[in-house]
Amino acid sequence: MSWQAYVDTSLVATGNIDKAAIFNAEGTSVWASSAGFTVAPAEIKAVVTSFADNSDVKKVQSEGFHIAGEKLFTLKSDDRSLYGKKGKEGVVIVKTQQAILVAHYPESVQPGAAANTVEQLGDYLIGVGY
């Protein structure tokens, strides 16, 4: 399956995600993206930095983060996942061995359903070596 197919079929087609992108693990290359969903280089760099931050209180937890020009409040941040919310919308980001999945969910979707969709794809990719 192509990276674009993962975005279109495994994420957006579920109805739990309305736009998504997949980057390499370093955040330097976009492998696939929904039309019109643009994550700036500085935004993905901050995400990559948050995964490496081992502080008791990570910078991203106290300051939030930006995706596609929107500032998000951090709900969860660990070495694999970063969840953010703005109003009733939000973003779920999952890091695998070789990729970073960035997925946006609309206000009509429960955050848990969106998180499960992205985390399951992350689990699958890790299982097949990505």
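S77 is buried, with a relative accessible area of 13% (buried means under 20% relative accessible area, exposed over 50%, and partly exposed in between, using a 1.4 Å probe and protein chains only). The residue lies in strand β4, which covers residues 70-77 (helices are DSSP runs of H or I with at least four residues, strands are runs of E with at least two, and both are numbered from the N terminus). Leaving aside neighbours within four places in sequence, S77 is in contact with K58, V60, Q61 and L82, where contact means heavy atoms within 4.5 Å.

A word on the ground rules: this is a predicted model, so local features need pLDDT of at least 70 and side-chain atom pairs count only at pLDDT 80 or more, while totals for chains, interfaces and linings use all residues. Residues are numbered from 1 along each chain as its sequence is written, and side-chain values use heavy atoms, with hydrogens and water left out.

## Salt bridges

How many salt bridges does the structure hold? There are four, a salt bridge being a side-chain nitrogen of Lys or Arg within 4 Å of a carboxyl oxygen of Asp or Glu. One of them joins K86 to E70, with the closest N and O atoms 2.2 Å apart. This pair links distant parts of the chain: K86 sits in strand β5 (residues 81-86) and E70 in strand β4, 16 residues apart. Both ends count as partly exposed, K86 at 42% relative accessibility and E70 at 35%.

K76 pairs up with D78, and here the closest N and O atoms are 3.7 Å apart. K76 is partly exposed at 33% relative accessibility, and D78 is partly exposed at 27%.

Then there's D123 with R80, whose closest N and O atoms are 2.8 Å apart. D123 lies in helix α4 and R80 in the loop between β4 and β5, so the pair ties together parts that are 43 residues apart in sequence. D123 is partly exposed, with a relative accessible area of 46%, and R80 is partly exposed at 21%. E119 joins in too: R80, E119 and D123 are linked in a network of salt bridges.

## E43, a buried charge without a partner

E43 lies in helix α2, residues 41-52. E43 is buried yet has no salt bridge, and the nearest side chain of opposite charge, K86, is 11 Å away (Lys and Arg count as positive, Asp and Glu as negative, and His and the chain ends are not counted).

What does the side chain of E43 reach? The answer is the backbone nitrogen of A68, at 2.9 Å. Not counting residues up to four places away in sequence, E43 touches T38, H66, I67, A68 and G69.

## A68 and its phi angle

A68 is placed in the loop between β3 (65-67) and β4. A68 has a positive phi of about 55 degrees although it is not a glycine. For context, most residues other than glycine have a negative phi. As for cover, A68 is partly exposed, with a relative accessible area of 33%.

Which residues of helix α1 (residues 3-11) are buried? They are W3, A5, Y6, V7 and L11. What covers these buried residues of α1 includes β1 (19-24), β2 (30-33) and α4.

Back in helix α2 we find V48, which is partly exposed with a relative accessible area of 23%. V48 and I100 are 52 residues apart in sequence and 8.6 Å apart in space, C-alpha to C-alpha. Leaving aside neighbours within four places in sequence, V48 is in contact with A25, E26, G27 and I100.

## A nonpolar surface patch

Y124, V128 and Y130 form a nonpolar patch on the surface, with about 290 Å² of accessible area together. Patches are made of residues with over 30% relative accessible area and no salt bridge, with like charges joined within 9 Å and nonpolar side chains (Val, Leu, Ile, Met, Phe, Trp, Tyr) within 5 Å; the areas come from the Shrake-Rupley method with a 1.4 Å probe, and for residues only the protein chains shown count as cover. V128 has its place in the segment after α4 (111-127), and at 43% relative accessibility V128 counts as partly exposed.

Note on methods:
Polar contact = N/O pair within 3.5 Å; in protein donor to acceptor, adjacent residues only side chain to side chain.
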